[in-house]
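Try each task before reading its solution.

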Amino acid sequence: MGKVFQVQLMQEHTSQTIFPQLDLPAQPWELLDAMDRVRLQEGEKLRVRIDQYLDFKELIFHLITAKVQLLELNDLALRLARLDAAQRTAFRGLLRMESPTFEQRLPLARLRDLAASVDSCRVEASVSRDEELGRIYVESGRLPKYRGLPESVQKMLNYEEIGKESREREQGIYLSGGGYVVRTRSMIQAPPAPERMEKPPYIFRLCVTNERLSDRTALLDLPATPEELEEALRETGAASWRNVGVQTVDSALPGFLEGMDCAGEIEILNDLALTVRDVEQAGLLPKYKAVLHAVRCTDPEEAIRLGERLDEYLLETRTYTSADIALEEFHAILDGQTVELLKPCVDLYRFGDALIQKYGSDLTEYGLVERRDGQMVQKMGQEPKPGRQGIQRGGMTLG
């Protein structure tokens, strides 16, 4: 499914300098992960800014000044991403009909109605002017009074005038990129967009495909029972899991499965899904994702072990940049007035980076990760190094 918008997410009133990005439409776990990365605190509201129009660039006129809600915008993106070529033309036609001179900005709710109403239109994709429209209408027998005319008479018809009369009668329009659109039925009102994010019933949603028969696919949700695994394999017609390709549709660990030989490790992935489910139910999923990023874990078996050792790590979600770390250090040892005097004289980011290296911590999209025992956060493949006893960071407490 193609992407339509790229957005940045931020707290409505914030001094944040790092904003999580998200491409829409997004799957349920992708949306939830974005909220983990934006890290809204209690009472804070989410602000959504559209940075790029990856498709349907004409929508910038309607949305550039709009205060959009994430779930409503994602619903529009889902509807647009599912359109086939004729439906895309229909949507653009409806957009032109509603705002022919680009003087009226349509609200997001109305744009969703247009996307829901594309099948209420007839589209002539190859037509771009009256003469072509008139000829198609005559030759197809769509106009009763021209049916059955000898070919010699048809050659003398004024197709441009016929097309003009037809276009004005049915109030159709031509699009600048080609195509003719006429509305044939009443518009449809799109159902309300979801008001809240819901956790899906799966941890990983996979599309499995027979490598020899690409039309034999199955949707597999993990964790799954042995019977569900067997049924998914049967649907593909493959002899074993070694003979299928796997594509991630949605994941509670975004990006973790990319590039992995998932089919060959389906049992391990199922065990990982069980681990992630337990972690999520304990309310520790953001911390788990942060630790996986901090140690650069890409191995599912190691990820399972880390899921059982989360108590060894600490996560500070209010830390966004290395400059935040530097300022927190200053505030712990200096009074506020001195900190304000010092700020313009110090490269806060560079000093914060030095503190991260000194304390062996790691700054992730989910917050600052440290070990509870004061040891350095070890990247996968690193040899253990002698550590310090306790975390001495100017009194900062991580949780």
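**Exercise 1: a polar contact**

In this predicted model, the side chains of Asp-362 and Arg-296 are joined by a polar contact of 3.4 Å.

*Solution.* Start with the strand: Asp-362 belongs to S11. Then list its neighbours: leaving out residues up to four places away in sequence, Asp-362 touches Ala-294, Arg-296, Ile-356, Gly-367, Leu-368, Val-369 and Lys-379. Finally, turn to the partner: Arg-296 follows helix H11 and has a positive phi, near 60°.

**Exercise 2: a covered helix**

How many of the 10 residues of H11 are buried, and what covers them?

*Solution.* Count along residues 285-294: eight are buried, among them Leu-285, Tyr-288, Leu-292 and Ala-294. Now look around them: the cover includes helices H1, H10 and H12 as well as strands S10, S11 and S12.

**Exercise 3: the core**

Which residues have the most contacts inside the largest nonpolar core?

*Solution.* That core has 45 residues, and the ones to pick out are Phe-204, Leu-222, Trp-241, Leu-253, Leu-272, Val-276 and Tyr-288. Trace where the core comes from: H1, S7, S8, H9, H10, H11, H12 and S10 each supply at least two of its residues. Then zoom in on Leu-253: among the residues it touches are Phe-204, Leu-272, Val-276 and, from H11, Leu-285, Tyr-288 and Leu-292. Last, look elsewhere: another core, of 38 residues including Phe-5, Leu-63, Leu-71 and Leu-111, lies apart from this one.

Definitions and conventions
Residues are numbered from 1 along each chain as its sequence is written. This is a predicted model: local features need pLDDT of at least 70, side-chain atom pairs count only at pLDDT 80 or more; totals for chains, interfaces and linings use all residues. Side-chain values use heavy atoms; hydrogens and water are left out. Buried means under 20% relative accessible area, exposed over 50%, partly exposed in between (1.4 Å probe, protein chains only). Helices (H or I, at least four residues) and strands (E, at least two) are DSSP runs, numbered from the N terminus. Contact means heavy atoms within 4.5 Å. A polar contact is a pair of N or O atoms within 3.5 Å; within protein, one must be able to donate a hydrogen and the other to accept it, and residues adjacent in sequence count only if both atoms are side-chain atoms. A nonpolar core is a set of buried Ala, Val, Leu, Ile, Met, Phe, Trp, Tyr and Cys residues joined through side-chain atoms within 4.5 Å.
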